[in-house]
Amino acid sequence: MKKKLKVLALFDAIRATKIDQDLSKEMKTEDWKTEANVLSALRTLGHTEEHLAIFDDLDLLRQKLATFQPDVIFNLADQFKNNRGFDQNIVSFLEMQGVPFTGCSATGLVLCKHKGISKKILHYHRIHVPNFVVIPRGQRILRPKQLKFPILVKPVKEEASYGISQASFVETDEQFKERAEFIHESHDADVIAEEYIEGRELYVGLMGNFRLKVFPLRELVFREVPPDEPKIATYRAKWDEEYRKRWGLRNKFAEGLEPALVTRIEETCRRIYRLLTIDGYARIDLRLTPKNEIYFIEANPNPILAEDEDFAQAAGKAGLPYPQLIDRIIRQGMNTLRD
Ligand SMILES: Nc1ncnc2c1ncn2[C@@H]1O[C@H](COP(=O)(O)OP(=O)(O)O)[C@@H](O)[C@H]1O
Ligand SMILES: [Mg+2]
């Protein structure tokens with residue numbers, strides 16, 4: 001029998017909370033699916049579980065640590081004061097407290113969050129990345145000549161396809177300017193513009209610190225999207241069920257890839273994981289071109305952990321049913337050397 005642990009599940013809230021906030025209503029909603037799944041796994045595993053949702057008050061967390069004295073924090077807090085850029089600061093705080101926690105350390109979060117910095121590091125190590133330019137707010141919007149259409153214009157630090165729609169795919173300088181302005185102004189965000197990489201959309205789950213486990217590859221297929229149309233995991237493509245149905249969008253296990261190619265993809269993802277100093281667990285988004293070139297799109301440390309999402313589905317196929325996956329993530333968090 002493994003030792004039972006005191007686990008503090010840490011969530012973010014979108015408004016101020018109390019230390020003993022009743023979250024039972026939230027837990028029944030779609031938005032809190034991951035939190036609900038993790039809590040129920042913690043109970044199944046027999047750990048002593050308490051939880052806390054924080055909005056903008058770190059004192060609550062300090063108090064909770066003092067009274068509950070958890071062995072480990074299950075970290076699901078990826079925003080602070082409704083700002084998703086602060087995920088790294090929460091983790092930095094945990095590092096300073098010296099309390100073990102699950103998932104990625106601050107450095108990995110910082111490197112992966114910035115879609116330009118991560119690509120510069122990987123490019124240096126000869127991993128294929130799309131050509132790109134970063135255009136900060138306040139800077140004149142100009143397409144460098146060497147950046148070829150079609151281009152995808154995105155916020156440089158977002159998640160979950162916020163700010164990505166079909167209009168992000170641009171084919172003229174006028175569309176380029178218009179979309180970049182929109183991201184600057186309406187999203188109040190800096191822009192990354194990347195050459196559009198045609199190909200299959202693959203999601204690769206990995207887990208570990210020293211020895212890495214790569215889970216079976218997932219793919220987003222665009223069944224009803226005509227062949228000459230761009231295939232992009234836009235915000236609606238991810239979160240709007242009606243839209244997904246209409247365009248035949250489905251997340252499934254990738255089929256028909258040669259074993260040698262699968263090995264090459266797995267090796268590339270292991271390198272990416274290490275080069276970006278990820279620890280804990282992550283999902284890496286790739287494009288596989290018709291010539292079987294592997295392009296890095298984005299790394300997601302601490303990917304969505306809901307039971308029905310790609311990461312947990314892939315872990316399940318690799319022989320880690322959900323509660324075991326959660327347990328593995330906890331044990332690993334306790335074994336991570338932090339700064
Ligand atoms: N350079 C690119 N070429 C082709 N498709 C891209 C490119 N960049 C993004 N996409 C599409 O847009 C989706 C979301 O982009 P991504 O950078 O992963 O943003 P997010 O962090 O919001 O998930 C990707 O999953 C992919 O479908
Ligand atoms: Mg992504």
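Is D188 buried or exposed? Let me start there, because with 9 C-beta neighbours inside 10 Å, D188 counts as exposed. Please keep in mind throughout that this is a predicted model. D188 sits in the loop between α7 and β7, and it has a positive phi of about 50 degrees although it is not a glycine. As background, most residues other than glycine have a negative phi.

You will find Q69 in the loop between α3 (58–68) and β3 (72–76). Q69 is exposed, with 10 other C-beta atoms within 10 Å.

While we are on backbone geometry, have a look at P150. The peptide bond between F149 and P150 is cis, with omega at about -5 degrees. P150 lies in the loop that runs between β4 and β5. For context, most peptide bonds are trans.

Now let me step back to the overall layout. The chain is divided into domain 1, residues 6–102, domain 2, residues 131–195, and domain 3, residues 198–334. The centres of domain 2 and domain 3 are 24 Å apart, taken over C-alpha atoms. Where these two meet, nine residues of domain 2 are in contact with six residues of domain 3. On the domain 2 side of that contact we have five nonpolar residues, four polar residues and no charged ones.

Next, the sheet with strands β4 to β7. Four strands make an open sheet in the order β4-β7-β5-β6, with antiparallel pairing. At the edges are β4 (132–135) and β6 (169–170), each of which pairs on one side only. If you follow β4 to its partner, strand β7 (residues 191–195), you can trace four bridges in the antiparallel sense. Within that pair, V134 stands opposite I192 of β7.

Two helices lie across these strands. Helix α6, residues 115–124, lies across β4, β5 and β7, and runs at about 145 degrees to β4. Helix α7, residues 173–186, lies across β4, β5, β6 and β7, and runs at about 10 degrees to β5.

How exposed is E158? With 19 C-beta neighbours inside 10 Å, E158 counts as partly exposed; the cut-off for buried is 20 or more. Leaving aside residues up to four places away in sequence, E158 touches G163 and A189. E158 and E181 are 23 residues apart in sequence, and their C-alpha atoms are 16 Å apart in space.

Why do we call β8 largely enclosed by the rest of the structure? Seven of its nine residues are buried, so the rest of the structure largely encloses β8.

And which strands does β8 pair with? With β12, the pairing is antiparallel and extends over nine bridges. There, E201 stands opposite R287 in β12. With strand β10, residues 218–222, β8 has three bridges, again in the antiparallel sense. L202 has E219 as its bridge partner in β10. Then there is strand β9, residues 213–214, joined to β8 by two bridges and running antiparallel to it. L206 stands opposite V214 in that strand, and β8 and β9 form a hairpin with four residues between them.

Finally, ligand 1. There are 20 residues around ligand 1, and the ones that come nearest are P130, E194, I197, A233 and E298. What kinds of residues make up this shell? They divide into 10 nonpolar, one polar and nine charged. At least two residues of the shell come from each of β5 (151–155), β12 (280–288) and β13 (294–301). In terms of domains, domain 2 and domain 3 each contribute at least three residues to the shell around ligand 1.

How values were computed
Residues are numbered from 1 along each chain as its sequence is written. Chains are lettered from A and ligands numbered from 1 in the order in which they are written. This is a predicted model: local features need pLDDT of at least 70, side-chain atom pairs count only at pLDDT 80 or more; totals for chains, interfaces and linings use all residues. Domain bounds come from an automatic or database domain assignment. Two residues are in contact if their C-beta atoms, placed from the backbone, lie within 7 Å. Ala, Val, Leu, Ile, Met, Phe, Trp, Tyr, Cys and Pro count as nonpolar, Asp, Glu, Lys and Arg as charged, and the others, Gly among them, as polar. A residue is near a molecule or strand if its C-beta atom, placed from the backbone, lies within 6 Å of it. A residue is buried if 20 or more other C-beta atoms lie within 10 Å of its own, exposed if 12 or fewer, and partly exposed in between; C-beta atoms are placed from the backbone. Two strands pair if DSSP finds at least two bridges between them. Axes are lines fitted to C-alpha atoms, for helices over the stretch in contact, and angles run from 0 to 180 degrees between N-to-C directions.
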